Every structure is written in structure tokens, then in C-alpha cells.
Amino acid sequence: MSFIEYVLTRPFAGSDNGLWYLLMAFSVALPCSLLGCFLLLRRMALIGDAISHSVLPGIVFAFLLVKDLSSPWLLIGAALSGLFVTVLIELIHTKTRVKQDAAIGISFTTLFALGVLMVSVFVGKQTDLDIDCVISGEMTHIIYYDSVSLFGKEVPEPLLISYGVTALTLIFLLIFFRVLTLSSFDAGLMASFGVNPKVVHYLLMAVLSLVVVTSFQAVGAILVIALLIIPAASAYLCTHRLKVMLLLAAAHAALSSIAAMYIYVSFNCSISSAMVVAGLGLFCLAWLFGPVDGLIWKWKRRYLLAETYDLADRDG
Amino acid sequence: MSTALETHDLTVTYDKKPVLYGIDLEIPQGQLVGIIGPNGAGKSTFIKSVMGVLPVTGGWVKVFGEPLAKNITRVGYVPQRGSVDWDFPVTVMDVALQGTYGKLGMFRRVGKKERKIASEALDKVGMLDYAKRQIGNLSGGQQQRVFLARAIAQDCDLYFMDEPFVGVDAATESAIITLLQEMRAKGKTVVVVHHDLQTAPEYFDMLMLLNMRLVAFGPTSEVFTKEILQKTYGGKLTILSEIATEAAKNDLTKTHSKTP
């Protein structure tokens, strides 16, 4: 076996599991990175944080009703409580003098605390719903779920659900691209066209809740924020065009998922954490070498400028 | 002359505090109208509420004799330049194209026709050479020109502009006023929030003096007077007396020149 072959197959040697983990990582990272672009541009980066933490009481509540961790009701309950927190934030900051950042701080922490309370009081240690999983998720658990036969392979169910949500997100972004762009750039103009920016806001929040909820199990409540913001921020540093920014963010999602697999097989660590660390590495590269305003070009410009002035000094 | 904009008892409140009370107004077509008044007088609020960007608490608005929703594509809004993020990853062309979305809708594809409209609009404000630039690299005056190009691309009959002269260079200011005059020549009506009392009588056919209530509305020569300005601004403006003398002079010259 050649070295290249060894490198390429290393994460997938032995069983199909490596492939499932990679596909799962990508299907979580992709919709997050695309939605993250719009969050970043709308200066709502921390809304993802709020939603991801507030889904917990929804999940627990739904679990208490149906007593089944793989029930789709958990997704629905979680998405509803994610949407609920965005309404709560709007309510606090429009109806009181408290500003939006404080409103976010109040809303999600309280809902998260409520969720933690509910886990410890009603759920206990009998299930997967423990606090570790809530914080960083556990990608490798997807193989313990039921699987569906597809193309002669047993595909884990969570993977299919995740790709369903990814497809939905892509369709949403394709259809609403103009609406999202215009409402992010100039909500006033959009309102003057007779389209209510509030409706667009809640539509985006609904899709975001769904995405955050499906990624909850794989990456947890905290790391999902990194998946929303880091690809978007890296892409933002590299381009001045929105469509290019979305493509770059998607590429970032793919690259960090692949990199995470190598980190995982080398150290047998949490895949989600590896993905975030790899993502940050890519962000640093964008920061240094980004074609638009990478540090390297700034340094080079400053050096050239200094040289020119030096020469001018000597001449004069 | 038919009416471009009519408001009746228009009232807007913010957090239960009234910002605008009972504005009754009829703006005839083909006029350049300036809205002037002190800070916090509700100038921006007035145009935002008329455009449906802010909710109206009471009263009604009619545009060309019908509710706004019926004529929404005939009305254009140019927000304050500072209200958008100029680091946003869009090009000058993208912004000009936004003007065509009013008629095109939010889902249909941009075609050759729209690109032509946007290019012509950019050409008109002297920004076509910058079409592919990201908007963050523009000067204040250039940004305002791009906003105007977007307004031209909207091709409306009635425009509301929020402080288009703020922070622009002299060349842009005169370019804007020429543009507004061209619009008027085509029978369009333009309502402009304006903060500079020095230039107000020179630029506008009619003035709307606002301080939470409508203090006065009428042809500039009739309403740009010492008493009305004092009523609008109260005693707090120190340059007011200066302006008032200007106004008085204006009055004199106007009465002289207008006598047949």
C-alpha cells in the first residue's frame, strides 16, 4: 500500500464507521456554515448560541412525553423551544429598555438552566441525555441507532435525518436567497417593498432551530456555535462577494470535517471538538493569507511603503 | 394638479410616547418637498411611517389617491446612508439591482432587462465605472450616489429620501440636487428630509416644517419665515436669528421678483 493510499484510507480502515462519522460531521457542518454566513452579516452570531442552549428543555419535555430518545417528537420539541427563545429575546428587547445582547443573556441561560434541572430531576442517568453530551455531543453514538438499508449498506438513521435537514436548508437558502440578502443588508428598503423583515427573521430562526437541533446530538450545544460562526467568519475574511462567501464557508465545513477525522483517528478524541479546532486553524489561515485583507499582504504593503519612503528620504 | 401623498391625522407612537401627532397633509405631484425641523422632530419617523416601515398608530395615508399597498411599486424609499452596513459583501451593481426588486419581486430571477436598468441608473450618477467594486471601498459621497442609483432603478413616481445630503462632498451635493430637479421635470414628486436650513429655501419648492406636529406646510416662499421657523425650532437654535434674517431677505427678494 502506497503512502498516499495509506493517508487517504486511514480514517476509514476497519469498518464503515469512519465513513459514517465523516458524512455526519459534514452534514452538520454544511448547513451550519451556510446559515452562519447570514447570522454573521446580520450581527446575530450569538443567536445561534441562544438557540442551541435553549433546545434542551424542549428535548427533555418531549422525551418525558414520549419516553423515547429517537422519537422525532424530540426534534420538534427542541425546534419549538429554539424558536421560543428567539421570540423571548425579541419580546424582552422590544418591550423593555433592556438591549438585545442582555436580552440574549437572560433568555438562553435561563432556558438552559431549566433544561439542566429537568435532566437531573426527571431523567437521571438512565439515558444518553447527560450533561457531557449536551456540551460537546458525541458523533460516534450515531452508530448505536437503528439503521436503514440503502444501496446495500446499513446507514444509521440520524445520518439520514441530518441529510434531510441539510437538503431542506439548501432549498430554503436557494429560494429565499434574495429575501435573506436584502433583509440583512437593508431591512428598511425591504419593508418599503411590502415584505415584512420580521417574517424573514422568524423564518430564518425556524430553519436555524431545526439545524441546531439536528446537530445537537452530534456536536452538542456549545460547539455548534463554532460551526455556525467560524466558517462564516473565515469566508468573510476571504471575499467581498456573498455567493463566494457561501461557497467558501461550505468548503471550510468540508475541510474541517475531513481534518477532524484525521485528528480523531490519531488521538481517539471527540470528533466535534477536533472539527472545531481544525476549523479555527483554517480561520487563522484565512486571517493570515486571506486575499482581501490577509495580514501577510498588509505586512507586505507596509514593508513596500516603508521602503519607498526610505528611498525618498535618501533621495531628498 | 393631482395629489401624490395625502395623510390624515397621521399619528405615530414609540413605546406609547407619541412621536408624531395628527399630521394632515396633501402634497401635490411634481414638487420637490423638504422636511425640516429640529432633532427628534419626527422627520425620519414621518417618512418611515408613510412608507409602512414603521407602524402607524392612528390616521391614514393615501398615495396617488389609494392606500399604499395598491401603489407600492410607485413609491421609492431611500434610507439614511448610515442605516446599512457598508462592509456587507455586495458590489455596487448588486445594490443598484436591489432597486429593481420592487417590480421584479423577491423570487424571480434578475434578467438582462434588470441589469440594463441598473447600469443606466449607475451611469446617471457617474458610478458605472465602479459597478464591480465592493461597496465598502466607496467614499461617503459615492455611497450616496449608489443609493440614488438604486432609487432611479426603482423608477417610481414618488420618492422619500432620508437625509441624502448628510456627509457628502460638494460635488455630490450639487449632483444630487440636479438629479432631483430632473426627476421633478419628469413629473415625479420627491420628499426629502433635510437638516441644513441654509440651503433649504434654495433647494425646495415646498417645505414641511415639523416638530412632532405639522407646524406649517406650503410653498417655500410662504412658509420659510422668521415666525414659522421660530415656532418650529423654539428659541433654542442660536443660528436661528441669522437664518431668520436670511429668510427675511429671501422674503423681500421674492416679493420683489414675484411682483409682475
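What follows is a short chat about this predicted model.

Me: Start with chain A. How many helices and strands does its secondary structure come to?

Reply: Chain A has twelve helices and two strands. Read from the N terminus, the order is α-α-α-α-α-α-β-β-α-α-α-α-α-α.

Me: And what does the C-alpha trace of chain A span along its principal axes?
Reply: The trace spans about 85 × 65 × 35 Å.

Me: What percentage of chain A is made up of buried residues?
Reply: Of the 316 residues in chain A, 47% are buried. As for contacts in chain A with a separation of 6 or more, 70% of them are between residues 24 or more positions apart.

Me: Now helix 3 of chain A. How far does it reach from its first C-alpha to its last?
Reply: Helix 3 covers residues 45-66 of chain A, which is 22 residues, and it reaches 33 Å. That is close to the 32 Å expected at 1.5 Å a residue.

Me: Where does the kink in helix 3 of chain A lie?
Reply: The kink is at A:Val55 and comes to about 25°. The proline A:Pro57 follows shortly after A:Val55.

Me: Why is helix 3 of chain A said to be largely enclosed by the rest of the structure?
Reply: Because 16 of its 22 residues are buried.

Me: Which residue follows helix 3 of chain A?
Reply: A:Lys67 does, and its phi is positive, near 55°.

Me: Change of topic. In which helix does A:Ala226 lie?
Reply: A:Ala226 lies in helix 9 of chain A, residues 197-238.

Me: Is A:Ala226 buried or exposed?
Reply: A:Ala226 has 23 C-beta neighbours inside 10 Å, so it counts as buried. The cut-off for buried is 20 or more.

Me: What is A:Ala226 in contact with, leaving aside its neighbours within four places in sequence?
Reply: Its contacts, on those terms, are A:Val276 and A:Gly279. Also, A:Ala45 is 181 residues from A:Ala226 in sequence, but the two are 9.8 Å apart in space, C-alpha to C-alpha.

Me: A:Ile225 is in helix 9 of chain A too. Why does A:Ile225 count as buried?
Reply: A:Ile225 counts as buried because it has 25 C-beta neighbours inside 10 Å. Leaving aside neighbours within four places in sequence, A:Ile225 is in contact with A:Gly48, A:Asp49 and A:Ser52. A:Val276, 51 residues away in sequence, is 9.6 Å from A:Ile225, C-alpha to C-alpha.

Me: Which residues touch the most other members of the largest nonpolar core?
Reply: That core has 163 residues, and those touching the most other members include A:Ala25, A:Cys37, A:Val224 and B:Ala96. Helix 9 of chain A gives the largest share of this core, 26 residues.

Me: Take A:Cys37. What is A:Cys37 in contact with, leaving aside its neighbours within four places in sequence?
Reply: A:Cys37 is in contact with A:Ala232, A:Ala235, A:Met245, A:Leu246 and A:Ala249.

Me: Last topic, chain B. How many residues of chain A are in contact with chain B?
Reply: 19 residues of chain A are in contact with 18 residues of chain B. Helix 7 (157-185), helix 8 (187-192) and helix 10 (242-267) of chain A each supply at least two residues of the side that touches chain B. The largest share, five residues, comes from helix 7 of chain A.

Me: How do the residues on that side of chain A divide into nonpolar, polar and charged?
Reply: Eleven are nonpolar, five are polar and three are charged.

How values were computed. Residues numbered from 1 in each chain as written. Chains lettered and ligands numbered in written order. Predicted model: local features only at pLDDT ≥ 70, side-chain atom pairs only at ≥ 80, totals over all residues. Contact = placed C-beta atoms within 7 Å. Helix = DSSP H or I, 4+ residues; strand = E, 2+ residues; numbered from the N terminus. Nonpolar A, V, L, I, M, F, W, Y, C, P; charged D, E, K, R; others polar. Buried ≥ 20, exposed ≤ 12 C-beta atoms within 10 Å, placed from the backbone. Expected span 1.5 Å × (residues − 1). Bend = angle between axes of the 7 residues up to and from the residue. Core = buried A, V, L, I, M, F, W, Y, C linked by C-beta atoms within 7 Å.
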